[in-house]
Amino acid sequence: MPSISRDEVAHLARLARLAVSEDELDLFAGQLDVILQSVATVGDIATADIPPTSHAVPLTNVFREDVVRPGLGQQQALAGAPAAEDGRFRVPRILGEEA
Amino acid sequence: MIRSSAAELAQKIHSGEVTSVEVTQAHLDRIAEVDGAVHAFLHVDTEGALAAARKVDEDVAAGRPVSPLAGVPLALKDVLTTKGVPTTVGSKMLEGWIPPYDATVTRRLREAGVVILGKTNMDEFAMGSSTENSAYGPTHNPWSLDRIPGGSGGGSSAALAAFEAPLAIGTDTGGSIRQPGAVTGTVGVKPTYGTVSRYGLVAFSSSLDQAGPCARTVLDAALLHEIIAGHDPLDSTSIDVPVPPVVAAAREGALGDLTGVRVGVVTQFSGDGYQPGVLRSFEAAVSQLKALGAEVVQVSCPSFDYALPAYYLIAPSEASSNLARFDAMRYGIRVGDNGERSAEEVMSLTREAGFGPEVKRRIMIGTYALSSGYYDAYYGSAQKVRTLIARDFDAAFENVDVLVSPTTPTTAFKIGERTGDPMAMYKADLCTIPSNLAGNAAMSIPSGLSDEDGLPVGLQIMAPALQDHRMYRVAAAYEVARGPIGEAALR
């Protein structure tokens, strides 16, 4: 029995904002199933008594002085934008018609 | 001239025997001559390189002090931002993007007078082991043009092997410096995590990504290491400690005496799946370490068998979060914005068009592993395995100074051979991943050519965190004992 179905892959793609094609869904469903079955072996040795490690360097709360530093100007910040208008990022509509 | 080491070139430039402009032009000419066949570069910055070279020549002529590698050309992986010079990360998503700022590594190179020739090809977003995932086409291995140069930093290593540059920068998340080094017969170093700034390094997996030096000799790698390493307040994971004395260690090692050095052979990295010629080359290297005076023992690190599955949960999980920034709003491409579609629809269409298949696979694996209901079984378990791997390293380093293994289980495979089978591709990083998960230092140095196919083999040397100098000493001693390995035929 596969660990992930085609429908679940379609759901993942929606969550990840990837408009994948029907052909890709077929390909990815098979590949993700093989990968997930293989990586699931981590459960073999990950017993309850072992603490998790999220990072190799245990640094916490790195602070700096709260002073003003130079940053990107408006023109520089907008230079790589796909669309800009009146010194701002222009984006597609973010609200539905009824809103 | 292009076959000289960086140290030799620097000495000649600084003594006035040659100019940096001459050295730089020689490498630009070489790129023009061979890069059509190799495709190591995505962008060559001829004007920028010659301008940087002229500046060094002026300093030398005026008798001003210059840094140890001033005037020497370098190939920079296209994952590090370069102000005013395109940075694509091997992806269509950032095609045409001109960064408004330099990465800290880039800034340090410029300040040291290192001449940046251009940006090198890579697997998209550094996800891959062959450079075949580049949106701009694969790089070819100079030792055999129908084979992969490793990945993700295949462009940087291929540039070294093809004598297009004497120095390069790579980044290593699961082996992306060391594995390309191994299969191209070059030296690649992943410094201790946190010792080279990640500021301006386009993020793949933030707790694993680490930039490092690539070169053809151990001393050249050490000289470059000392230029790029050091604390950076712009990276909150940067460690505020002195840079390990890697240049001094490389010079000491070159004297050829490893008496008193304890070397551990990792027993997990042999057997099924390892090419016999790779294992024979590795055994010969271990014998040479013994002959240099090192004490060699076998060391078992049982949890290393689980490093690959843990990595392919942790790295995609972090990637799925990091790559959420590519939303078609502030930079990068935008697809399907017809005035009718919503931001969310445009975002999905853009990410579909901008990302290649491997990036999509990893984003979806990460999204899955982090989702409610699966988190504990996948991401949570992988984090526990990470703890066990760090414990295995700690236990091993109580008894030995460095650990050794083959860098990668096989020599360079054919282009196209593994593209349809992601798990087969992932296995190229079997031996390199543990050091990313634990954060310790590791490097690959050529151990000669495999007797069955004549292709380069890499010896991996691993050292505890912040003890990077130990592996440089061992590598430099081994390099002298090994002798030259020959050069790539570009066929």
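Predicted model: local features only at pLDDT ≥ 70, side-chain atom pairs only at ≥ 80, totals over all residues.
**Entry 1: the A/B contact**

I started with where the two chains meet. On the chain A side I count 45 residues in contact with 57 residues of chain B. Which elements of chain A give two or more residues to that side? They are helix H1 (6–15) and helix H2 (22–39). H2(A) supplies the largest share, 8 residues. Sorted by class, this side of chain A has 33 nonpolar, 9 polar and 3 charged residues.

**Entry 2: H1(A) on H12(B)**

Next I looked at one helix pair across the two chains. H1(A) packs on helix H12 of chain B, residues 357–369, with the axes 9 Å apart and an angle of about 95 degrees. An angle of 65 to 115 degrees counts as roughly perpendicular, so that is how I logged H1(A) and H12(B). From H1(A), the residues involved are Val9(A), Leu12(A), Ala13(A) and Leu15(A), and they meet Met364(B), Thr367(B) and Tyr368(B) of H12(B). The class count for this contact is 6 nonpolar, 1 polar and no charged residues.

**Entry 3: cores**

Then I went through the nonpolar cores. The largest has 170 residues, and Leu74(B) and Ile461(B) touch the most other members.

**Entry 4: Val189(B)**

I picked Val189(B), which sits in strand S5 (residues 187–190) of chain B. Is Val189(B) buried or exposed? The cut-off for buried is 20 or more other C-beta atoms within 10 Å; Val189(B) has 31, so it is buried. Beyond four places in sequence, Val189(B) touches Ile177(B), Gly212(B), Pro213(B), Ala221(B), His225(B) and Met443(B).

**Entry 5: helix H4(B)**

Last stop was H4 of chain B, residues 104–111, where Thr104(B), Val105(B), Thr106(B), Arg107(B) and Leu109(B) are buried. What do the buried residues of H4(B) pack against? I found strands S2 (73–77), S3 (115–120), S4 (167–171) and S6 (211–215), plus helix H7 (218–228), in chain B. After H4(B) comes Gly113(B), with a positive phi near 75 degrees.

Definitions and conventions
Residues numbered from 1 in each chain as written. Chains lettered and ligands numbered in written order. Helix = DSSP H or I, 4+ residues; strand = E, 2+ residues; numbered from the N terminus. Buried ≥ 20, exposed ≤ 12 C-beta atoms within 10 Å, placed from the backbone. Contact = placed C-beta atoms within 7 Å. Nonpolar A, V, L, I, M, F, W, Y, C, P; charged D, E, K, R; others polar. Core = buried A, V, L, I, M, F, W, Y, C linked by C-beta atoms within 7 Å. Axes fitted to C-alpha atoms, helices over the stretch in contact; angles between N-to-C directions. Parallel < 35°, antiparallel > 145°, perpendicular 65-115°, else oblique.
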